[in-house]
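Hello,

Here is the structure you asked to see. My notes follow below it.

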Amino acid sequence: MPEPSSRRAIVRCPFCATLNRVDLARADQHPKCAECSRPILLDRPQPIAEADLDRIVAESEVPVIIDFYADWCGPCKAMAPIFDELAREHRGQALVLKLDTDRNPQATRRFNVRGIPTLIVFRDGREVAREVGAVPRDRLRALLDLAATPA
C-alpha cells in the first residue's frame, strides 16, 4: 500500500514557541521552524499546552497520542522511556505529545482525566482510544496502531 503524499501536523517550536505546520512524511529531511530555523525534533514526545490542544488535534492529519502526566507521578516516570521509544518508532507516522496536568488543569478537567498517566489517542480530531495507568509497551503500540488503521 503506497504511503500518503503528506501527513501534516501542527507542532510548536521548542525554541521560539512558533506553531509550525510540518509534513511528517518528510520527517527524515529534518524540518526546521519557519520563524527561527532551528530543528523541530520529531523523534521525541512534544510538550503541549491546553492553549494549543484543540488546534493541534483537529488539524493534524496523523494519529495523535497525548500522555497526560505529572512530574511527581511515579507511574508517569516509569512510562516516560516507553513513551520516548514510541515517539522514535512512530516518527513521521504519528504525533506523540505530553501534557503536564499540573500546568494545564482545564484540559485535564475537560478530558475527564481522573488518574495519571492517562493516554488518549485521537484520529481526525476525535478521541478513539484511552488507557489509564502505566501500560506495557505492546499495549501502547497497539493503541497507536489502532488509530493509524483507516476506519
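I10 stands opposite R21 in β2. Strand β1 (residues 8-12) and strand β2 pair in the antiparallel sense, over 5 bridges. Two strands count as paired if DSSP finds at least two bridges between them. Strands are DSSP runs of E with at least two residues, helices are runs of H or I with at least four, and both are numbered from the N terminus. β1 and β2 make a hairpin with 6 residues between the strands, and A17 there takes a positive phi near 70°.

Before you read on: this is a predicted model, where local features need pLDDT of at least 70, side-chain atom pairs count only at pLDDT 80 or more, and totals for chains, interfaces and linings use all residues. Residues are numbered from 1 along each chain as its sequence is written, and side-chain values use heavy atoms, with hydrogens and water left out.

N20 is found in β2 (residues 19-23). N20 is buried, with a relative accessible area of 5%. Buried means under 20% relative accessible area, exposed means over 50%, and partly exposed is in between (1.4 Å probe, protein chains only). A polar atom of the N20 side chain lies 2.9 Å from the backbone oxygen of T18. Neighbours within four places in sequence aside, N20 is in contact with A9, I10, V11, C13, K32, C33, A34 and I40. Contact means heavy atoms within 4.5 Å.

**The open sheet**

What is the strand order of the open sheet? The 5 strands run β3-β5-β4-β6-β7, with mixed pairing. The edge strands are β3 (46-47) and β7 (126-132), and each pairs on one side only. β3 runs parallel to β5 (residues 95-100), joined by 2 bridges. There, P47 has K98 as its bridge partner. K98 also lies over the face of Y69, at 4.4 Å from the ring centre. A charge sits over a ring if NZ of Lys or CZ of Arg is within 6 Å of the ring centre and within 35 degrees of the ring normal.

β6 and β7 pair in the antiparallel sense over 6 bridges. I120 stands opposite R130 in β7. This hairpin has 2 residues between its strands, and D124 in the turn has a positive phi of about 55°.

Helix α1 (residues 50-59) lies across β4 (64-69), β5 and β6 (118-123), and runs at about 155° to β5. Such angles run from 0 to 180 degrees between N-to-C directions, with axes fitted to C-alpha atoms, for helices over the stretch in contact.

A search of the whole structure finds 2 aromatic pairs. F68 and F111 form a tilted pair, 5.9 Å centre to centre and 50° between the planes. F68 is in β4, and F111 is in the loop between α3 (105-110) and β6, 43 residues apart. F111 and F122 form an edge-to-face pair, 5.7 Å centre to centre and 85° between the planes. F122 is in β6, 11 residues from F111. Rings of Phe, Tyr and Trp (its six-membered ring) pair if their centres lie within 6.5 Å; planes under 30 degrees apart count as stacked, over 60 as edge-to-face and the rest as tilted.

F68 is buried. F111 is buried too, at 14% relative accessible area. F122 counts as buried at 4%.

I82 is in helix α2 (residues 74-89). I82 is buried, with a relative accessible area of 17%. Leaving aside neighbours within four places in sequence, I82 is in contact with V135, R137 and L140. The C-alpha atoms of I82 and A9 are separated by 22 Å, and the two residues are 73 apart along the chain.

H90 touches L144 and D145, not counting residues up to four places away in sequence. The side chains of H90 and D145 are joined by a polar contact of 3.4 Å. A polar contact is a pair of N or O atoms within 3.5 Å; within protein, one must be able to donate a hydrogen and the other to accept it, and residues adjacent in sequence count only if both atoms are side-chain atoms.

Best wishes
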